[in-house]
Amino acid sequence: MTFSKVTHVLFDLDGLLIDSENFYTQAFTNVCGKYGKAFTWELKKSLLGFQGHECAEKIIKELDLPVTKEDFMKQCQEEYEVLFPNVQLMPGAKKLVEHLKSKGVPIALATSSSEDSVNMKMQNHTAFLENFHHLTMGSSDPDVKKGKPDPSIFLVCASRFPEKPKPEECLVFEDAVNGVKAACAANMLVVVVPDPRIEKELLKDATLVLRSLEEFQPELFGLPPYE
Ligand SMILES: [Mg+2]
C-alpha cells in the first residue's frame, strides 16, 4: 500500500517526538493531589493536543478544584521545572528527523506548546531542534489564532516554508486525536503514533496508524527511503 506523495513534513512535539506527555501527567497528578483529587486517564485523554491554558481550565472545571487558572498553571510550572530536564526523545524520532534532514526533505515543528515551554522541554535536545527549518509554537505565536483541532497551526507552519507547499503535499506526524482532526481539517496527510490506550475508532480519519516512529517507511509517501 502506498499513499499520495508528499514533499514537506510537519511534526507535533509532545508525545510524538518526546515523551513529555508522561511528565505532564505526573505534574497534573501532583498538583491535583494537593487538593485530594485524582488525575485520571479519562481526564488526561480529553486534554491531549490542547494548549496549556485550555488544559488548566478543563482540569479545574472537571475536578472542581478551588484554585484560579493562573494559580493552577503556576503550580504546574513549578512541577515542570523539576520534571522536564528528564524528557527523552521517543524511539525512532532522532533517526527519522535526521534522515529527512539529511535527504533535504523540508521539515518543521508544529506544536501547541509555547516557546518558553519548548525551550524548557528541549533544554537537553537543542541540537535535535536544529534539524527543523522552523518551529511553529502555537501558544506563543500570534498567527496561530486557535489551538488544535483547528487547522490553523498546520496551515501557518506550512506557509512558512519558502516553497509554500500545498496542504495535500504536506505530511503531519501526530500522537493525539485532536492533532489528527487538525491535520485532516488542513487537508494534509497524517501519520498517527497514538498512546496505545486511545480507542482505534477515534483515529479512523488518520492516513496511517503506527505503534512507533520506528515502523515508518518513508517510501510509502514518496520520501527517500532509509539506506
Ligand atoms: Mg502531541
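Domain bounds here come from an automatic or database domain assignment. For this protein, that assignment gives domain 1 (8-19 + 87-221) and domain 2 (20-85). What you're looking at is a predicted model, where local features need pLDDT of at least 70, side-chain atom pairs count only at pLDDT 80 or more, and totals for chains, interfaces and linings use all residues. Residues are numbered from 1 along each chain as its sequence is written, and side-chain values use heavy atoms, with hydrogens and water left out.

Let's start with the two domains. Their centres, taken over C-alpha atoms, are 23 Å apart. Domain 1 puts 25 residues into the contact and domain 2 puts in 18 residues, where contact means heavy atoms within 4.5 Å.

Now for the pockets. On a 1 Å grid over the protein atoms alone, a pocket is an open set of points where a 1.4 Å probe fits, with protein on both sides within 12 Å along at least five of seven lines, and lining residues have an atom within 4 Å of a point. Grid points are joined across faces, edges and corners, and a volume is the space filled by probe spheres set on the points. In the table, Ala, Val, Leu, Ile, Met, Phe, Trp, Tyr, Cys and Pro count as nonpolar, Asp, Glu, Lys and Arg as charged, and the others, Gly among them, as polar.

| Pocket | Volume | Lining |
|---|---|---|
| Largest pocket | about 600 Å³ | 14 nonpolar, eleven polar and eight charged residues |
| Second largest pocket | about 420 Å³ | 14 nonpolar, four polar and eight charged residues |

The largest pocket has 33 lining residues, and Tyr24, Gln51, Gly52, Ser113 and Ser117 are the closest to its centre. Two or more lining residues come from each of α1, α2 (41-47), α3 (52-63), α4 (69-83) and α6 (115-121). Helices (H or I, at least four residues) and strands (E, at least two) are DSSP runs, numbered from the N terminus. It's α4 that gives the most to this lining, with five residues.

For the second largest pocket, 26 residues do the lining, and Met90, Val193, Pro194, Asp195 and Pro196 lie nearest its centre. Here α1 gives the most, with three residues. The lining of this second largest pocket draws at least three residues from each of domain 1 and domain 2, and the lining of the largest pocket also takes at least three from each.

Next, the metal. The magnesium ion has three protein donors, Asp12 (OD), Asp14 (O) and Asp175 (OD), at 2.0 to 2.2 Å. Donors are N, O and S atoms within 2.8 Å of the metal (3.2 Å for Na, K and Ca), and water is not among the atoms, so sites may look incomplete. Aspartate 14 sits in the loop between β1 (8-11) and α1 (20-34), while aspartate 175, 161 residues away, sits in the loop between β4 (170-174) and α9 (177-185).

Helix α8 (residues 152-159) is mostly covered, with six of its eight residues buried. Those buried residues pack against β1, β2 (107-111), β3 (134-137), β4 and α9.

Finally, take a look at valine 192, in strand β5 (residues 189-192). Why does valine 192 count as buried? Because its relative accessibility is 0%. Leaving aside neighbours within four places in sequence, valine 192 is in contact with several residues, including Asp175, Val180 and Leu203.

Key
Buried < 20%, exposed > 50% of the residue type's maximum accessible area, 1.4 Å probe, protein only.
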